[in-house]
2 protein chains.
Amino acid sequence: MDIKRPKSKQPMPENAKRVFKGVIYDVYQWEQEMYDGTKAPFEKLKRPDTVVVFPVLPDGKILMTEQEQPMKGSFFSAPGGRMDEGEDVLTAAKRELLEETGYEAEEFILWNAEYPVGKIDWVVFVFVAKGLKQVSEMNPDSGEKIKLMPVTFEELLELPEKEDSFFADQEIVHKLLRARIYPDEMQKLKELFKPKEMVQ
Amino acid sequence: MDIKRPKSKQPMPENAKRVFKGVIYDVYQWEQEMYDGTKAPFEKLKRPDTVVVFPVLPDGKILMTEQEQPMKGSFFSAPGGRMDEGEDVLTAAKRELLEETGYEAEEFILWNAEYPVGKIDWVVFVFVAKGLKQVSEMNPDSGEKIKLMPVTFEELLELPEKEDSFFADQEIVHKLLRARIYPDEMQKLKELFKPKEMVQ
């Protein structure tokens, strides 16, 4: 499976030059022609893409996490994190799932991939993983404290109400809310989160 | 009315140093102590805050805009834009409303104020404006093309479905979706968007 970045509605122009290289963010600038023919300096950021995994356990529960990070406090989220340089998307999803939960999965379904912020060249890839198997203890890095928090599908649908602590890609929040408005979206979501049938 | 920035859940630490000053984004870095006692370089951005105004016309329609900007294509949104340096929030809201629509308003109600992206020190202030009066032609800057598009309250509620072209603060999209799930949120939203009664 070769997962590609989606096409950006605001792609980085070819003449953009990197003017700063940061720890996470690089800054690019270029001269942009305006509607009246004048030019103005424009700016856009680039940062490593993010992978997020919603793991569906054999009993149908979704393996969420309660995490704590320096400067960020505690929050409730699906496992995930920044991609390493040169790493491909699926490898990153598998690595983050294993590091943060100790689980491997047989199947990764791409649920969503989007640029969440207009002026940043940054994609968030969101997966649903099935056929989960615990293979080790979790192994978070020095900047993470993680507790596993399985939730039912019904609880997942209500996570957007926990405004203060639920940390998720906004398009995912929209999908969860829309499923409660449109029966056909609810049907699709139930299908997506149905646990993999175990082969005996 | 003195409108303050909300408290950030991830405030810029005192020892953060500005390492780059851009056209829009400034980059700050600091040494962060991790859970195992080691230190790691951390980074956070700062950019000018944004004001957004949902203007309610005397007939109850909401004055949205169809805008075009270089590198961004065309999108449907409420009037708004970046605050100028040193400008206060309400002044910026009045200025953007006037520039992009030619209207002034008697009343500005703060609907939402939040930090939409964790690693960016950036607040989006969202207002509902009432008692609208057209006082001039619109006066967009050289990087904007704007068409006025009044919508009914019912049409506003369905804008989140226009995924590809509706450009809005995510928390506003959530509020519009949640109003369709929870009757009490719908009631509050109807109250908020009720046009101002005209004094005869």
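How much area do chain B and chain A bury between them, and what share of it lies on carbon and sulfur atoms? The points below answer this and then turn to chain A.

1. Basis. This is a predicted model, in which local features need pLDDT of at least 70 and side-chain atom pairs count only at pLDDT 80 or more, while totals for chains, interfaces and linings use all residues. Residues are numbered from 1 along each chain as its sequence is written, chains are lettered from A in the order in which they are written, and side-chain values use heavy atoms, with hydrogens and water left out.

2. Extent of the interface. Chain B and chain A bury about 4500 Å² between them, 62% of it on carbon and sulfur atoms; buried area is the accessible area (1.4 Å probe) that two parts lose on being put together, summed over both. Each chain is represented in the contact (heavy atoms within 4.5 Å): 50 residues come from chain B and 50 residues from chain A.

3. Polar links across the interface. There are 16 residue pairs in polar contact between the two chains, both residues being at pLDDT 80 or more. A polar contact is a pair of N or O atoms within 3.5 Å; within protein, one must be able to donate a hydrogen and the other to accept it, and residues adjacent in sequence count only if both atoms are side-chain atoms. The count of salt bridges between chain B and chain A is zero, a salt bridge being a side-chain nitrogen of Lys or Arg within 4 Å of a carboxyl oxygen of Asp or Glu.

4. The three-stranded sheet. Chain A has an open sheet with the order β6-β5-β11 and antiparallel pairing; strands (E, at least two residues) are DSSP runs numbered from the N terminus, and two strands pair if DSSP finds at least two bridges between them. The edges are held by β6 (73-77) and β11 (145-151) of chain A, each with a single partner strand, so one side of each has no neighbour in the sheet.

5. Pairing of β5(A). Strand β5 (residues 62-69) of chain A is joined to β11(A) by seven bridges, and Glu66(A) has Lys147(A) as its bridge partner in β11(A). With β6(A), β5(A) forms five bridges, again antiparallel; here Gln67(A) is partnered by Phe75(A) of β6(A). The hairpin of β5(A) and β6(A) has three residues between the strands, and Met71(A) takes a positive phi near 75° there.

How values were computed: Helices (H or I, at least four residues) and strands (E, at least two) are DSSP runs, numbered from the N terminus.
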